[in-house]
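Here's a walk through one protein model, with the cut-offs spelled out as we go. Have a look at the structure first, then read on.

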Amino acid sequence: MSGIGAVVTDIEGTTSSIAFVREVLFPYARRALPGFLQEHHDRPDVAQWLRRVAEETQQSADDLDGITETLLAWTDADRKHTALKALQGMIWVDGYEKATYAAPVYGDAAEALRAWHARGIPLYVYSSGSVPAQKLFFGFTEHGDLRPLFSGYFDTETGGKRDAASYRAIATAIGKPAAELLFLSDIVEELDAAREAGWRTVLVDRRSDYPEARTREAANGHPRVERFDQIAGL
Ligand SMILES: CSCCC(=O)C(=O)COP(=O)(O)O
Ligand SMILES: [Mg+2]
């Protein structure tokens, strides 16, 4: 960890299991989406995203059923579209507040994040999940409220996670040289983009999420760990 000025972490497959996102959060949002849109489509924060979907898919903004179908299809395809992510985040509030689920942050991740924070290393999140969804996620974890550990959050409003320009924009927002920033992710293409922007990178390759360890070649030159406590020695 020498020379690291800030750590930026992904969520799904890095701090928490892929299964939680795909088998708990996504189905919950999918089930609730039609009713949520029927009830709240006039709310300005909802309507702005429905307009965005209508424009991009050349549907009428009044065709709520059509837009709902599009969003359900995007859910099934795991599209990381900013509008879908914003709406999912609004729906998940209920599930967290009613304790239907809590974010199962990996114990080694919670411990390392706490230790880095205690050492004064600023921590950030960069996830496809919307910033409000990220705050919910870290606010309601099985290890308590981890939000005090984080200095900031970034989502796809900053740009796509496989696009080097996003990491340049995040470095500017954080205000540290790219070479001092460390990005943690389970997705090699995201790490490639961060490295292209001059960042340091670590591939988090957890056996519970990826039963087959990524080969050196598949890791594409990124240092590889299976748990956060192995990052300290890098
Ligand atoms: C904020 S929790 C929901 C995560 C999510 O919606 C998602 O698509 C996962 O993306 P990530 O960039 O964290 O792998
Ligand atoms: Mg991920």
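## Helix α4

α4 has 16 residues and spans 23 Å from its first C-alpha to its last, close to the 22 Å expected at 1.5 Å a residue. That expected span is 1.5 Å times one less than the number of residues in the helix. Helices here are DSSP runs (H or I, at least four residues), strands are E runs of at least two, and both are numbered from the N terminus. There is still a bend of about 30 degrees in α4, at I91. A bend at a residue means the angle between two fitted axes, one for the seven residues ending there and one for the seven starting there. Just past α4, A99 takes a positive phi of about 60 degrees.

Before going further: this is a predicted model, where local features need pLDDT of at least 70 and side-chain atom pairs count only at pLDDT 80 or more, while totals for chains, interfaces and linings use all residues. Residues are numbered from 1 along each chain as its sequence is written, and chains are lettered from A and ligands numbered from 1 in the order in which they are written.

## What α4 packs against

The buried residues of α4 are A83, L84, K85, A86, L87, Q88, G89, M90, I91 and W92. Buried means 20 or more other C-beta atoms within 10 Å of the residue's own, exposed means 12 or fewer, and partly exposed is in between, with C-beta atoms placed from the backbone. Those buried α4 residues pack against α1 (18–40), α2 (44–57), α3 (64–76) and α6 (131–139). Contact is counted when two C-beta atoms, again placed from the backbone, lie within 7 Å.

α1 bends by about 45 degrees at L33, with a proline, P34, following within four residues.

Which residues touch the most other members of the largest nonpolar core? Out of 53 residues, they are V8, L87, A109, L181, L182, F183 and W199. Helix α4 (residues 82–97) gives the most to this core, with seven residues. Domain 1 (6–16 + 103–230) and domain 2 (21–97) both contribute, so the core lies between them. A nonpolar core, by the way, is a set of buried Ala, Val, Leu, Ile, Met, Phe, Trp, Tyr and Cys residues joined through C-beta atoms within 7 Å.

The domain bounds come from an automatic or database assignment. The C-alpha centres of domain 1 and domain 2 lie 25 Å apart. Their contact takes eleven residues from domain 1 and ten residues from domain 2.

## The sheet

Six strands make an open sheet, ordered β3-β2-β1-β4-β5-β6, with parallel pairing. β3 and β6 (224–225) are at the edges with a single partner strand each, so one side of each has no neighbour in the sheet. Two strands count as paired if DSSP finds at least two bridges between them. Strand β1 (residues 6–9) is joined to β2 (residues 123–126) by three bridges, and V8 has Y124 as its bridge partner in β2. Leaving aside neighbours within four places in sequence, V8 is in contact with Y124, Y126, I170, L181, L182 and F183. Four bridges then join β2 to β3 (residues 150–154), where Y153 is the bridge partner of V125.

Strand β4 (residues 181–185) pairs with β5 over four bridges, in the parallel sense, and S185 has L203 as its bridge partner in β5. Five of the five residues of β5 (residues 200–204) are buried, so β5 is largely enclosed by the rest of the structure. Both faces are covered, with R200, V202 and V204 on one side and T201 and L203 on the other.

I231 lies in the segment after β6. Not counting residues up to four places away in sequence, I231 touches M1, A112, V202 and V225.

G160 sits in the loop between β3 and α7 (164–174) and is partly exposed, with 14 other C-beta atoms within 10 Å. G160 and A193 are 33 residues apart in sequence and 9.7 Å apart in space, C-alpha to C-alpha.
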